[in-house]
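Hello,

Here is the structure I said I would pass on. Please open it and keep it on screen while you read the notes below.

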2 protein chains.
Amino acid sequence: MFTLPQKESGAPTTCVGPASTQDLGSSYEDGLEGECSRKPDQKLPELRGVGDPIMFSSGSSYLSSRGRMIKWFWDSAEEGYRTYHMDEYDEAKNTSGIINLGTSENKLCFDLLSKRLSQHDMHWVEPSLLQYPDWRGHLFLREEVAKFLSFYCKSPAPLKPKNVVVLNGCASLFSALATVLCEVGEAFLIPTPYYGAITQHVYLYGNVRLAYVYLDSEVTGTDTRPFQLTVEKLEMALQEANSEGIKVKGLILINPQNPLGDIYSPGELQEYLVFAKRHKLHVVVDEVYMLSVFEESVGYRSVLSLERLPDPQRTHVMWATSKDFGMSGLRFGTLYTENQDVATAVASLCRYHGLSGLVQHQMAQLLRDRDWINQVYLPENHARLRAAHTYVSEELRVLGIPFLSGGAGFFIWVDLRKYLPEATFEGEMLLWRRFLENKVLLSFGKAFECKEPGWFRFVFSDKAHRLRLGMQRVRQVLEGQAQVAEDPPPCQTQKPSDQRR
Amino acid sequence: MFTLPQKESGAPTTCVGPASTQDLGSSYEDGLEGECSRKPDQKLPELRGVGDPIMFSSGSSYLSSRGRMIKWFWDSAEEGYRTYHMDEYDEAKNTSGIINLGTSENKLCFDLLSKRLSQHDMHWVEPSLLQYPDWRGHLFLREEVAKFLSFYCKSPAPLKPKNVVVLNGCASLFSALATVLCEVGEAFLIPTPYYGAITQHVYLYGNVRLAYVYLDSEVTGTDTRPFQLTVEKLEMALQEANSEGIKVKGLILINPQNPLGDIYSPGELQEYLVFAKRHKLHVVVDEVYMLSVFEESVGYRSVLSLERLPDPQRTHVMWATSKDFGMSGLRFGTLYTENQDVATAVASLCRYHGLSGLVQHQMAQLLRDRDWINQVYLPENHARLRAAHTYVSEELRVLGIPFLSGGAGFFIWVDLRKYLPEATFEGEMLLWRRFLENKVLLSFGKAFECKEPGWFRFVFSDKAHRLRLGMQRVRQVLEGQAQVAEDPPPCQTQKPSDQRR
């Protein structure tokens with residue numbers, strides 16, 4: 001949790017934290033480790049953190065203060081991005097280059113996707129696709145999205161096209177929802193660790209903050225697993241935000257969760273929704289990994305499958321093709337909400353988040369091809385994810401490294417606390433740098449606002465030869481590193497080794 | 001010019017004027033005619049106008065105040081959009097439907113475009129196009145854009161890919177530039193009449209205002225033509241804004257101009273740029289109609305063709321395919337700026353304005369096909385624009401209606417002042433409604449913040465049969481209407497009949 005007053009100028013005034021840029025085309029956040037991210041539990045003084053005028057005083061005189069802050073986010077990420085892209089692994093040209101196990105992309109199915117997207121039905125041009133669209137999305141596409149979500153979310157009744165808004169990805173959707181639901185400076189509750197880029201998505205345009213519900217690996221009270229979200233923790237975080245004068249407008253849930261790789265049970269989901277209803281909070285449910293649940297035993301349920309939503313007018317669901325169809329570069333996301341005011345307000349902002357009519361046609365063709373999805377794509381994708389996951393988790397087991405993984409998503413949440421040279425985020429950073437120096441890019445826990453230093457996200461949704469090499473390099477670092485770490489970090493209270501649900 | 005104080009809540013606090021939504025897929029702005037747009041010359045009281053809490057008090061309790069404002073823009077436009085789309089003209093199915101001469105789209109070349117976009121080279125899928133992109137745009141595309149602009153803007157030296165940022169249209173680019181160049185509440189100078197949607201583009205996300213440089217049809221002082229922009233008028237407007245406490249950060253120039261359909265000469269352009277440099281103002285030059293100059297005699301020059309820009313670090317040029325390639329639904333726009341801070345800050349926001357990798361490939365293919373552009377598309381497009389323009393202007397001449405048209409763009413700026421039932425914007429609205437009732441949709445001058453009631457924008461870039469029918473219906477209204485108007489409006493001081501340059 002953080003609190004900072006607003007500045008009149010509209011300049012950044014909040015410690016927006018160590019936003020992850022992993023999934024933003026840059027797989028690392030070195031320069032983002034500023035004042036505020038090193039001391040996440042400290043109450044920050046006025047104007048410290050991202051909005052700190054000292055931090056931007058040397059910035060461009062051509063930009064507004066918010067422009068400098070926006071650029072700073074880029075530059076910070078850019079530093080790491082450069083490191084990686086200047087020396088990217090290539091099996092033909094640069095076998096000693098950096099292996100990227102940091103960016104959450106599914107690189108296992110380009111063959112299937114390329115083939116499908118190259119089929120004749122994808123190539124369609126007609127005047128209506130070249131003219132100004134309905135900013136909610138073409139009706140033909142919203143109809144397909146409604147059918148698709150009805151089927152794959154197992155909704156009790158058919159979902160309706162009028163509740164659908166399509167746009168160029170969920171980053172945009174976070175930006176639009178934050179703006180239309182919150183005033184400047186208001187906040188969303190979010191359990192940590194979480195996909196850190198959301199910090200920027202709600203802040204850069206919307207000036208909306210995140211109030212953290214800190215979870216940790218210790219299993220206490222009624223918890224049954226590490227990093228478990230409970231209503232009690234939600235209540236506490238809300239109360240804390242209120243006591244600090246932060247107006248909380250909503251709750252963000254990521255399900256399947258990123259970076260934990262697990263899911264919320266329908267019972268838990270229901271409890272969180274009831275909590276939100278009690279406090280009149282909007283709930284934004286990010287389900288971008290909904291079809292990437294690769295373990296059949298995992299009983300994943302979309303929020304849209306619930307028999308009755310506690311507060312349907314305040315429940316807003318996002319989905320995209322970026323993860324589930326491994327096409328983060330295609331830029332297609334969608335909102336489902338029964339609240340027509342919210343749908344309309346988001347649509348009004350969609351003039352800034354629009355996607356090509358030609359792509360809208362392609363997405364409609366893809367989503368309606370149930371045969372291909374069910375008989376070709378999903379079985380094969382899940383089998384490949386499962387195999388890759390098995391490989392990486394076995395490697396970790398052999399190394400004796402504890403980890404969490406719930407059979408969903410593209411990543412394993414790995415406990416490297418015992419390898420830290422010191423039990424701090426500086427120590428985490430040092431270890432992360434060792435990995436990078438040894439040519440393997442990972443994501444460190446601070447980027448997800450993890451409370452405990454030493455957790456790393458390993459992305460496994462990549463080809464076997466790259467995974468092998470990446471894991472070899474990880475092992476080299478840890479075997480060298482294991483001797484360096486003198487004391488186990490004090491916060492290491494339990495080993496959630498290979499927890500699954 | 002308007003002035004309003006900021007509200008702490010971030011709620012809308014400025015009379016953002018009668019934003020045109022014509023080119024946003026809705027071709028009309030009935031509901032946008034609120035308090036502030038009726039009295040554009042009055043200094044507005046606190047919180048009047050769009051941000052008026054009374055106006056939004058009946059709005060949704062689910063939305064933030066800015067969310068309600070954003071939705072209001074949609075609803076207001078939606079009303080007219082519905083009218084048109086519920087009864088759209090169709091030559092097969094609805095010959096008594098509404099003819100749209102309001103939306104500025106080029107509907108003359110879908111045959112050429114469909115053919116080109118259907119060619120084999122457009123259909124290319126490869127992993128890099130499906131993965132997270134460089135948010136500035138793929139390098140292969142930025143290289144093509146730089147070459148394309150070098151050639152068509154006749155730049156004295158080759159333009160550089162590093163100065164290019166690509167995104168999903170110029171609406172987004174206005175939003176991003178406003179945000180990174182201005183603080184909340186600061187303003188851009190803009191000469192009126194202007195493409196009214198810019199009001200929303202800089203305001204909805206960016207909270208940036210427009211300070212109007214009012215031009216009129218009267219030729220006075222050193223003017224040589226109606227609605228002439230001079231440095232003197234710029235200086236006055238800047239001074240007025242300053243005196244009202246409005247911080248002006250830049251100047252927006254649209255060249256070729258919308259809705260006037262004319263251009264700035266290189267000499268004028270130079271003068272405006274020198275004025276901007278003198279006051280350290282950024283200049284945003286919108287050149288989206290640069291290849292739609294259909295009269296060869298018009299000596300159009302892109303700002304990028306100037307031998308030396310007075311202040312290159314503050315000169316930012318936008319171009320898109322929406323107008324010049326008649327593909328407003330394709331969502332492709334580009335920024336060219338030598339200022340790397342501005343390019344980077346805009347790129348940082350491009351995570352919310354990204355376009356598909358597949359579309360980036362298509363655009364690169366299109367822009368590099370110089371043979372097709374030079375030998376097929378441009379000659380044919382210009383010939384068709386010229387023919388359509390000739391038809392509509394002849395019709396106007398026969399009717400004895402004065403108009404302005406400069407051989408560029410898709411529209412004629414038509415002086416219907418003598419047909420107004422009263423010389424007010426209410427009178428303008430009444431006449432506009434008569435047109436709509438007679439099934440022809442036009443854009444009225446108030447939507448462009450024209451100072452004088454009675455001007456209308458006629459879009460001529462449509463097929464002959466629709467133009468014929470549209471002009472017939474216009475004639476019917478005017479011939480019936482001519483008798484209704486009892487007195488000529490007092491502001492009718494001159495007739496800029498058929499002025500061209």
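In this predicted model, helix α4 (residues 110-117) of chain B and helix α14 (residues 370-399) of chain B have axes that come within 10 Å and cross at roughly 160°. An angle over 145 degrees counts as roughly antiparallel, so α4(B) is roughly antiparallel to α14(B). Their crossing is left-handed. On the α4(B) side, the contact is made by Asp111(B), Leu112(B), Leu113(B) and Arg116(B). On the α14(B) side, Trp372(B), Val376(B), Tyr377(B), Glu380(B) and Arg384(B) take part. Sorted by type, the residues of this contact are five nonpolar, no polar and four charged.

Chain A has a helix pair to set beside that one. Helix α6 (residues 139-152) of chain A packs against helix α13 (residues 357-368) of chain A at an angle of about 30°, and their axes are 9 Å apart. Angles under 35 degrees count as roughly parallel, and α6(A) and α13(A) are therefore roughly parallel to each other. Here too the crossing is described by its hand: α6(A) passes α13(A) in a left-handed crossing. From α6(A), the residues in contact are Phe140(A), Leu141(A), Glu144(A), Val145(A) and Phe148(A). From α13(A), they are Gln360(A), His361(A), Met363(A), Ala364(A), Leu367(A) and Arg368(A). This contact divides into seven nonpolar, two polar and two charged residues.

Next, the sheet in chain A. What is the order of its strands? The sheet is open, with seven strands in the order β2-β8-β7-β6-β5-β3-β4 (chain A), and its pairing is mixed. At the edges are β2 (164-167) and β4 (209-214) of chain A, each of which pairs on one side only. From one strand to the next, the twist averages 25°. Within the sheet, β6(A) and β7(A) run parallel and are joined by four bridges. Asp286(A) stands opposite Met318(A) in β7(A). Helix α12 (residues 340-349) of chain A packs on the sheet and touches β2, β7 and β8 (333-337) of chain A. The direction of α12 makes about 155° with that of β8(A).

The loop between β6 (282-286) and β7 (315-320) of chain A holds Ser292(A). Is Ser292(A) buried or exposed? Its relative accessibility is 0%, so Ser292(A) counts as buried. Leaving aside residues up to four places away in sequence, Ser292(A) touches Lys323(A), Asp324(A), His382(A), Leu385(A), Gly407(A), Ala408(A), Gly409(A) and Phe410(A).

Last, a strand in chain B. Five of the five residues of strand β10 (residues 411-415) of chain B are buried, so this strand is largely enclosed by the rest of the structure. Phe411(B), Trp413(B) and Asp415(B) point one way from β10(B), while Ile412(B) and Val414(B) point the other way.

Which strands pair with β10(B)? One is strand β9 (residues 403-404) of chain B, paired in the antiparallel sense over two bridges. There, Phe403(B) has Val414(B) as its bridge partner in β10(B). The hairpin of β9(B) and β10(B) has six residues between the strands, and in it Gly407(B) takes a positive phi near 80°. Another is strand β13 (residues 455-459) of chain B, which pairs with β10(B) in the antiparallel sense over five bridges. In β13(B), Trp455(B) is the bridge partner of Asp415(B).

Regards

Notes:
Residues numbered from 1 in each chain as written. Chains lettered and ligands numbered in written order. Predicted model: local features only at pLDDT ≥ 70, side-chain atom pairs only at ≥ 80, totals over all residues. Heavy atoms only, no water. Axes fitted to C-alpha atoms, helices over the stretch in contact; angles between N-to-C directions. Parallel < 35°, antiparallel > 145°, perpendicular 65-115°, else oblique. Left-handed = near helix turned anticlockwise from the far one by under 90°. Contact = heavy atoms within 4.5 Å. Nonpolar A, V, L, I, M, F, W, Y, C, P; charged D, E, K, R; others polar. Buried < 20%, exposed > 50% of the residue type's maximum accessible area, 1.4 Å probe, protein only. Pairing = 2+ DSSP bridges.
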